[in-house]
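Here is a briefing on the structure shown below. Points are grouped by topic.

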Amino acid sequence: MKKRNLILAVLALVLVVTVSVPSALAYFTTYVRAAGSKPVHLAEETRLKEPKPVDWTKHLTVTAQDGSEPVFVRARAFAPDGLTLTYSGENWTQNGDFWYYGPSIKGGESAAELLIKIDNIPQDVKEDENFNVVVVYECTPVLYDAQGNETADWNGKVTTTTENGGGN
Amino acid sequence: MKKRKLRVPAYILVMLVAAVGLLLFSAVGGARAALTYYSQVYTSEFEMYHIGITLLENNKEVNWRNYKDEAWHVGGSERLLDHIEEFRFGETYDEELKVRNSGSIDEYIRVTVRRYWTDANGKKLTDLDPDLIQLHFTENSGWVQDASFKDPERTVLYYTTPVSIGAETAAFADSLTVDSAIKAKVTQTKRQDGEYTVITTTYDYNGAHFNLEVEADGVQTHNAEDAILSAWGRSVSVAEDGTLSLK
């Protein structure tokens with residue numbers, strides 16, 4: 001008897017479930033799908049060449065390595081008290097404390113030389129005497145506005161670590 | 001011979017009777033609905049089945065799925081963004097997306113747009129921000145966004161008017177920009193290499209792929225409220241003039 005009741009209960013349940021099957025099958029529907037994807041290739045390495053000064057002038061060259069994203073660069077230098085610095089170089093312009101290179105530097109390209117001349121050299125200075133003139137240079141990836149024009153964001157926060165205890 | 005009495009609990013009997021009743025009632029209801037449906041378009045019986053839909057990107061057919069001659073006809077490249085040859089962050093590209101009714105019955109249309117990041121193997125990168133993939137949705141164009149979805153990856157839009165045979169919806173999106181802010185998410189290391197100072201920039205998004213996915217759904221306009229609820233799981237109201245609104 002119990003078995004029969006169980007069968008009847010299951011049968012009733014199946015019928016109820018059958019009734020509740022969605023009637024979606026009765027409606028006409030269709031769909032399409034499409035998708036697209038683009039990879040992000042972002043890599044960047046810039047090198048600042050800073051050889052020994054010639055005629056009290058530093059010759060700085062910034063190069064973006066092959067395959068690098070385009071970057072903008074800027075630089076400034078610090079001199080000991082009493083010395084002054086004079087900057088020059090094609091496409092280098094001053095804005096505030098920094099000197100900015102006008103066009104972006106594409107991968108494999110170099111900026112024009114930035115010359116930093118040390119002025120007011122004391123009369124009694126010896127030829128091999130060192131002046132601690134420190135050059136700081138920064139780079140930032142080229143951004144684009146809605147029209148595709150290049151822009152730079154120098155205010156973005158970037159985490160920077162220095163290896164080998166070096167770096168300016 | 002003594003007759004055995006069948007002892008079935010009352011609740012089982014009630015369930016059984018209710019189930020049989022419901023089953024019969026639903027069958028009758030279906031038949032009635034079918035009869036109503038077919039009788040209204042009796043002279044174009046074969047046309048009724050020809051529902052179809054086509055997705056267009058910048059006025060180019062990307063994909064379609066049409067029912068005709070008792071078979072589904074599916075075609076197109078199924079690929080979006082192929083028109084972007086040289087991609088640059090921050091730049092805005094044309095991405096006009098709309099839908100055509102390529103079937104033989106009027107239909108309501110909705111679209112589901114997904115934006116997300118994947119790695120080179122197609123694995124979804126959920127820690128990267130889909131909001132940086134900025135598909136610009138058009139305003140006051142007849143599309144209404146389903147605000148009940150709170151998923152930053154997914155946007156669901158309903159076209160508020162039925163689309164007649166061969167007609168197109170207004171564009172639900174018109175441009176795409178990937179925010180160049182992703183280029184600001186970097187880590188820089190600085191080291192001395194002889195007479196060189198070397199700055200290496202590592203980008204958080206390097207190697208990732210941004211993805212845009214669109215699904216367009218079409219459903220019959222007949223018994224639209226029930227059809228949409230049943231097919232799409234969304235309660236809507238359809239006014240007498242055919243205007244659809246979300247409940």
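Of the 247 residues in chain B, 30% are buried. This is a predicted model. Chain B contains 2 helices and 14 strands. Among its contacts with a separation of 6 or more, 64% link residues 24 or more positions apart.

**Where the chains meet**

- The interface brings 76 residues of chain B into contact with 58 residues of chain A.
- Several elements of chain B each supply at least two residues to the side that touches chain A. They are helix 1 (10–40), strand 1 (52–57), strand 2 (60–68), strand 10 (186–193), strand 11 (196–203), strand 12 and helix 2.
- Strand 12 of chain B gives the most to that side, with 12 residues.
- By residue class, the side of chain B that touches chain A holds 38 nonpolar, 24 polar and 14 charged residues.

- Five strands form an open sheet in the order 1(A)-12(B)-5(B)-8(B)-7(B). The pairing is antiparallel.
- Strand 1 of chain A and strand 7 (143–145) of chain B stand at the edges. Each has a single partner strand, so one side of each is left without a neighbour in the sheet.
- From one strand to the next, the twist averages 20°.
- Strand 1 of chain A and strand 12 of chain B are joined by 11 bridges, in the antiparallel sense.
- Across this pairing, Ser37(A) has Asn211(B) as its bridge partner. Arg33(A) stands opposite Glu215(B).

**Helix 2 of chain B**

- Helix 2 covers residues 224–232 of chain B. Its buried residues are Ala224(B), Ala227(B), Ile228(B), Ala231(B) and Trp232(B).
- Seen down the axis of helix 2 of chain B, these buried residues fall within an arc of 95°, so they line one face of the helix.
- The buried residues of helix 2 of chain B pack against strands from both chains. The partners are strand 1 (29–39) of chain A, plus strand 5 (107–118), strand 12 (209–220) and strand 13 (236–238) of chain B.
- Helix 2 of chain B lies across strand 1 of chain A and strands 5 and 12 of chain B. The helix runs at about 140° to strand 12 of chain B.
- Just after the helix, Gly233(B) takes a positive phi of about 70°.

**The largest nonpolar core**

- This core has 70 residues. Val73(A), Leu55(B), Val214(B), Ala216(B) and Ile228(B) touch the most other members.
- Strand 5 of chain B contributes the largest share of the core, 6 residues.
- Beyond its neighbours within four places in sequence, Ile228(B) is in contact with Tyr108(B), Val219(B), Arg234(B) and Val236(B).
- In general, nonpolar side chains tend to be buried together in soluble globular proteins.

**Two hairpins in chain B**

- Strand 1 and strand 2 of chain B run antiparallel, joined by 6 bridges. In this pair, Leu56(B) stands opposite Glu61(B) of strand 2.
- The hairpin of strand 1 and strand 2 of chain B has 2 residues between the strands. Asn58(B) in this hairpin takes a positive phi near 50°.
- Strand 2 of chain B also pairs with strand 3 (residues 71–75) of chain B, in the antiparallel sense over 5 bridges. Trp64(B) stands opposite Gly75(B) of strand 3.
- The hairpin of strand 2 and strand 3 of chain B has 2 residues between the strands. In its turn, Asp69(B) has a positive phi of about 50°.

**Tyr137(A)**

- Tyr137(A) is found in strand 9 (residues 134–141) of chain A.
- Why does Tyr137(A) count as buried? It has 23 other C-beta atoms within 10 Å, and the cut-off for a buried residue is 20 or more.
- Leaving aside neighbours within four places in sequence, Tyr137(A) is in contact with Leu48(A), Val62(A), Val73(A) and Ala75(A).
- Tyr137(A) and Arg47(A) are 90 residues apart along the chain. Their C-alpha atoms are separated by 9.9 Å.

Terms used:
Residues are numbered from 1 along each chain as its sequence is written. Chains are lettered from A and ligands numbered from 1 in the order in which they are written. This is a predicted model: local features need pLDDT of at least 70, side-chain atom pairs count only at pLDDT 80 or more; totals for chains, interfaces and linings use all residues. Helices (H or I, at least four residues) and strands (E, at least two) are DSSP runs, numbered from the N terminus. A residue is buried if 20 or more other C-beta atoms lie within 10 Å of its own, exposed if 12 or fewer, and partly exposed in between; C-beta atoms are placed from the backbone. Two residues are in contact if their C-beta atoms, placed from the backbone, lie within 7 Å. The arc is that of the directions from the helix axis to the C-beta atoms. Ala, Val, Leu, Ile, Met, Phe, Trp, Tyr, Cys and Pro count as nonpolar, Asp, Glu, Lys and Arg as charged, and the others, Gly among them, as polar. Two strands pair if DSSP finds at least two bridges between them. A nonpolar core is a set of buried Ala, Val, Leu, Ile, Met, Phe, Trp, Tyr and Cys residues joined through C-beta atoms within 7 Å. Axes are lines fitted to C-alpha atoms, for helices over the stretch in contact, and angles run from 0 to 180 degrees between N-to-C directions.
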